[in-house]
Amino acid sequence: MQWDGEGLLIGVRRHGETSVIAEVMVAGKGRTLGLIRGGRSTKLAATLQAGNTVQVSWRARLEQHLGTFAVELIDARAADLISSRTRLYACQLLCDHLRLLPERDPHDRLLALAVEALDDKSTHDLAVELARFELALLDELGFGLDLSACAVTGTTDDLTHVSPKTGRAVSREPAQPYCDRLLVLPQFLIADVPAAPGDLLHAFRLTGHFLHLHVWDPRQIEPPAIRDALVEALR
């Protein structure tokens with residue numbers, strides 16, 4: 001079996017003395033692993049960096065096998081990311097998030113959002129893209145928040161908070177007596193508006209709460225170590 005595709009390199013680990021196993025998020029194929037023989041050579045060092053976009057050719061005798069990769073560099077994004085610590089940390093966080101996805105399950109929306117975030121050179125824009133990515137990640141994993149209408153009144157206007165238990169939006173008036181128990185809903189997450197001061201912190205608190213509730217805690221895994229420091233830097 002064989003297929004070709006373009007994808008985002010999200011991880012590389014050593015395998016034996018000369019080879020590596022690469023993890024690539026491929027359009028139409030999802031998170032895919034493959035053996036690259038000779039992958040530890042200096043010739044491939046610049047290509048096999050997380051954050052790069054590569055053309056891959058995957059080959060295996062059977063579909064369920066690990067398979068082998070032949071890779072060709074398309075966008076050497078990693079070299080540019082190294083010049084900015086914030087963008088480099090963002091790349092690490094995005095790659096950690098993408099590894100939460102089931103293997104070989106296509107998630108092209110998340111791939112597109114990750115690439116868009118990595119290509120944002122503005123710190124503010126990067127923060128907005130990361131928050132939107134985490135919200136989309138919850139949705140793709142089957143734990144999407146219902147931010148379309150108020151859980152109490154059914155109205156679609158003036159949605160300001162989210163229930164930490166149900167993940168449903170609440171509008172301003174019914175939320176007032178319970179603001180200390182609810183999560184703030186930044187408007188840039190539900191509308192095409194700029195992020196106001198303080199919105200980014202509220203956005204990451206919102207997505208972080210539900211990532212803990214539905215993903216990290218049930219799987220008994222620690223959140224990405226870089227996330228808190230990155231969120232603080234992005235503020």
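Which residues touch the most other members of the largest nonpolar core? They are Leu8, Leu98, Leu130, Phe133, Leu137, Phe188 and Leu206, in a core of 55 residues. By nonpolar core I mean a set of buried Ala, Val, Leu, Ile, Met, Phe, Trp, Tyr and Cys residues joined through side-chain atoms within 4.5 Å. Buried is under 20% relative accessible area, exposed is over 50%, and partly exposed is in between, with a 1.4 Å probe and protein chains only.

A word on the model. This is a predicted model, in which local features need pLDDT of at least 70 and side-chain atom pairs count only at pLDDT 80 or more, while totals for chains, interfaces and linings use all residues. Residues are numbered from 1 along each chain as its sequence is written, and side-chain values use heavy atoms, with hydrogens and water left out.

Helix α5 (123-140) is among the elements that give it two or more residues, and α5 supplies the largest share, 10 residues. Leucine 206 touches, leaving aside residues up to four places away in sequence, Leu145, Val162, Leu183, Val184, Leu185, Pro186 and Leu189; contact means heavy atoms within 4.5 Å. A second, separate core has 14 residues, including Trp3 and Trp58.

Next, charges. The structure holds 13 salt bridges, each a side-chain nitrogen of Lys or Arg within 4 Å of a carboxyl oxygen of Asp or Glu. In one of them, arginine 77 meets aspartate 119 at 2.8 Å, N to O. Arginine 77 sits in helix α2 and aspartate 119 in the loop between α4 and α5, 42 residues apart. Arginine 77 counts as buried because its relative accessibility is 5%, whereas aspartate 119, at 37%, is partly exposed.

Aspartate 158 pairs with arginine 172 at 3.0 Å, N to O. The aspartate is in the loop between α5 and β6 and the arginine in helix α6, so the bridge ties together parts 14 residues apart in sequence. Aspartate 158 also has a positive phi, near 55°, though it is not a glycine.

What about a charge without a partner? Glutamate 129, in helix α5, is buried yet has no salt bridge. The nearest side chain of opposite charge is arginine 132, 4.3 Å away.

Notes. Helix = DSSP H or I, 4+ residues; strand = E, 2+ residues; numbered from the N terminus. Lys, Arg positive; Asp, Glu negative; His and termini not counted.
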